[in-house]
Protein chains: 2
Amino acid sequence: MSLAAAFVWPCTERAWGIEAPSGSSAPRRLPNLVIIFADDMGYGDIASWGHPTIHTPHLDQMAVEGQKWTSFYVAASVCTPSRAGLMTGRLPIRSGMCSDTRRVLFPDSAGGLPADEITIAEILSDRGYATACVGKWHLGHLPQYLPTRQGFDQYFGIPYSNDMDRVASAPSGRQAFLDPQISFWNVPLMTNSEIIERPADQTTLTRRYTEEAVRFIQANRDKPFFLYLAHTMPHVPLFRSPEFAGRSRRGLYGDVIEEIDWSVGQILKSLREAGLAEETWVVFTSDNGPWLSFDEQGGSAGLLRSGKGSTWEGGMRVPCVMWWPGRIPAGSVVREIGSTLDILPTAARLAGAKLPQDRVLDGCDISPAMFGTGPSPRNHMFFYRGTRLYAVRLGPYKAHFITEEPYGADTNRQVHEPPLLFQLEIDPGERWNIASAHPEVIAEIRELVARHQAEFKPGEPQLDRRISER
Amino acid sequence: MSLAAAFVWPCTERAWGIEAPSGSSAPRRLPNLVIIFADDMGYGDIASWGHPTIHTPHLDQMAVEGQKWTSFYVAASVCTPSRAGLMTGRLPIRSGMCSDTRRVLFPDSAGGLPADEITIAEILSDRGYATACVGKWHLGHLPQYLPTRQGFDQYFGIPYSNDMDRVASAPSGRQAFLDPQISFWNVPLMTNSEIIERPADQTTLTRRYTEEAVRFIQANRDKPFFLYLAHTMPHVPLFRSPEFAGRSRRGLYGDVIEEIDWSVGQILKSLREAGLAEETWVVFTSDNGPWLSFDEQGGSAGLLRSGKGSTWEGGMRVPCVMWWPGRIPAGSVVREIGSTLDILPTAARLAGAKLPQDRVLDGCDISPAMFGTGPSPRNHMFFYRGTRLYAVRLGPYKAHFITEEPYGADTNRQVHEPPLLFQLEIDPGERWNIASAHPEVIAEIRELVARHQAEFKPGEPQLDRRISER
């Protein structure tokens, strides 16, 4: 077996060799892009991905009409770096959007996604797209970092996580989450750069985000658009609309997922009603795995190991459903590797945009796999925790050079030499270390790491600076 | 909350109060029954139940056209008692088909399912059904215990597990399973009461079982029938037809599942071609959870805890897909409790048969839930290991009085007083013990156990007698 023969580095090299779609199946105009991003939803939290009690008819139907990606990864196992990777198509360390001390941005953070990073919104905006960011941003909340400074025409949402800005009078520790009240978290709700509500009424966020998204779709029937709908939920504290209270057998967490599922149904319905279904690429996925330390208020990674915060599969492999009637084969499953890093190059390709030539991109154009015309050009994935490379997947194999518990006072960081090795297609749960039987695979992965590190230039760190230090 | 108010005991009491289906949707003749029973297949081994790399298009399509049951249980966590429960609609301890020393029947066993037990085959045979058992029996291999003595017109298959009768020259321990050869296990293949091949060519069993099943369907276009297709696979040693060798990304285990999936497709296709799809109730399920101690040669329980041999959910909750075009609502999901114990009373009801009045049945008529006309009448489940009651589910709650590792020299049996308590709809992975918060639930479960034990009469033990002791 030679995996090296299949090396693509950067993987976009191969991606750009693929011909643009043409002929009768070509869309009449540049295709719209809708990204629906859940927050901390796990690999096992959708009915058609194996959850026994969460009822997700709209996501299930989306998969029946569309496509499941079963080996789809985010760029990091926590919010801020994951979102930086999605927005830029680059590993978060290239933009400085990761850190070994503060893993995400906080309300006292002074940093954000640097202005010279090029986002999906900027690329598509240059091609004449209308662009909207609805929901959680978490790539910088100071004015210079807001979505409207990163290619979005409009923004409606909260600038960071919904568990931040906890007020002094709120219960301490986990207590606040067990019976969450809106007043416990003084999170702002913004329109563009204005705070319009504080604390945000979190019970209505999923509904209001959805309404805003639908309005944007309806307002752009005649113009290509990019909608980035980044739900605040199911990140703790968990809130849902009154109509969803007590609806799910899975309890509060299930209510929250079922409202997101309702929202997915509303988005697809509005696309259909606007006559845009066949001109719109919709991607549903999550920013990282479930926050397991929150017990029943966290989700499930299904058969995967560990969850949010971890470089085990449960932390970075997420459910992903793509939908594009007439273009994406209905009911298809892609078992090859894909990543949120790939959305930017794929979207750029579909929109006929040029990719920046002055920087390394970590994404591939995955449209061949999406359209069923060829394999996924992605053959590897890097698993960073903060600024350190913990694990690498190459083909079906994943080597863990470092493992660490996701959270806690003693995270038991372990360096492995030789690395642990798992064959993920056979062993998605990462149970059987086969390192001793496959030194040649480890050698290939080391070669990949060496090439990665040789071309590597970290960005200026953004997550450690605080407002008081500016 | 009062669960006691919803008590049904025995649960068949309520089941028989439900009206028979009538009107335009009624079948033209007594409906056929097809039970497809996999061996050691786990809750997480089907693509549409969350497995990332096993390709099961026919089971997935069966679920799209039919119904998933996500809280469906077998009567025991190992082969023999599980099958006794399925065939009789009674807990295996009532028929003596369980033991604390030998957990299943072996080639030197002298026992079997007693002749005075009434099987699904006997009930349907009395109603004029043609009946066939194809595949693994494991309810006694001496002549008086074979399927043809239990209501089946015909039998084709192996009488016990495919890892039995290991020859002295075969590699010892786990070694034999890593590169399995047909010659290692001297398992007989039988037609009715004759051995026609020994050792059975296990590579072709799935295919030959399928062909036999299809022949039976084709031969009974004009007569109601009951087909019990009990696959030998994916029980170790794993074998598949040459056409499936190397087909699955999941390795050998995946190849085996994908051949079973092919078989499911063949069965449904033959029903369609015979014009019988709308007159046939098809149930696909497994006899118990995955044999996890066989590592990559065992399956996956998905998000459930533990596997075969255990009274944790992974041992006894199994995937279940039901199919009956025109009767079972397409794409439906039943999240309430069901069990293989319920197939006998449901089948009897559908066939207009009387149930035996001289014995306790543990099954319910679950047709209301199946047809979407009402809830499942089953509100509890008993989890026996051998002759001991380890755990009880009542509504969404499960109490573990005893827990024990499924296999091994030291199985660490632990008695819990008070019992461990889990809310399975919220916590299917049995992670968060809530016993201290819900003494009232434990009290209700104790009441249920007391009623169960008061009416309880164990059958004469069948699994410990050996041929030499007759």
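Tutor: What follows takes the terms one by one.
Tutor: This is a predicted model, in which local features need pLDDT of at least 70, side-chain atom pairs count only at pLDDT 80 or more, and totals for chains, interfaces and linings use all residues. Residues are numbered from 1 along each chain as its sequence is written, while chains are lettered from A and ligands numbered from 1 in the order in which they are written.

Student: What makes residues of chain A and chain B count as in contact?
Tutor: Their C-beta atoms, placed from the backbone, must lie within 7 Å. By that rule 26 residues of chain A are in contact with 26 residues of chain B. Strand S2 (67-73) and strand S10 (332-339) of chain A each give two or more residues to this side; strands are DSSP runs of E of at least two residues, helices runs of H or I of at least four, numbered from the N terminus.

Student: How do the residues of that side of chain A divide into nonpolar, polar and charged?
Tutor: There are 9 nonpolar, 10 polar and 7 charged. Ala, Val, Leu, Ile, Met, Phe, Trp, Tyr, Cys and Pro count as nonpolar, Asp, Glu, Lys and Arg as charged, and the others, Gly among them, as polar.

Student: Why is helix H8 of chain A called largely enclosed?
Tutor: A residue is buried if 20 or more other C-beta atoms, placed from the backbone, lie within 10 Å of its own, exposed if 12 or fewer, and partly exposed in between. In H8(A), 16 of the 22 residues are buried, so the helix is largely enclosed by the rest of the structure.

Student: How do you know that the span of H8(A) agrees with its number of residues?
Tutor: The expected span is 1.5 Å times one less than the number of residues. For the 22 residues of H8 (252-273) this should be 32 Å, and the end C-alpha atoms are 31 Å apart, which agrees.

Student: Which residues of helix H2 (57-65) of chain A are buried?
Tutor: They are A:His58, A:Leu59, A:Asp60, A:Met62 and A:Ala63. Their cover includes S2, H8, strand S8 (280-286) and strand S9 (317-323) of chain A.

Methods:
Contact = placed C-beta atoms within 7 Å.
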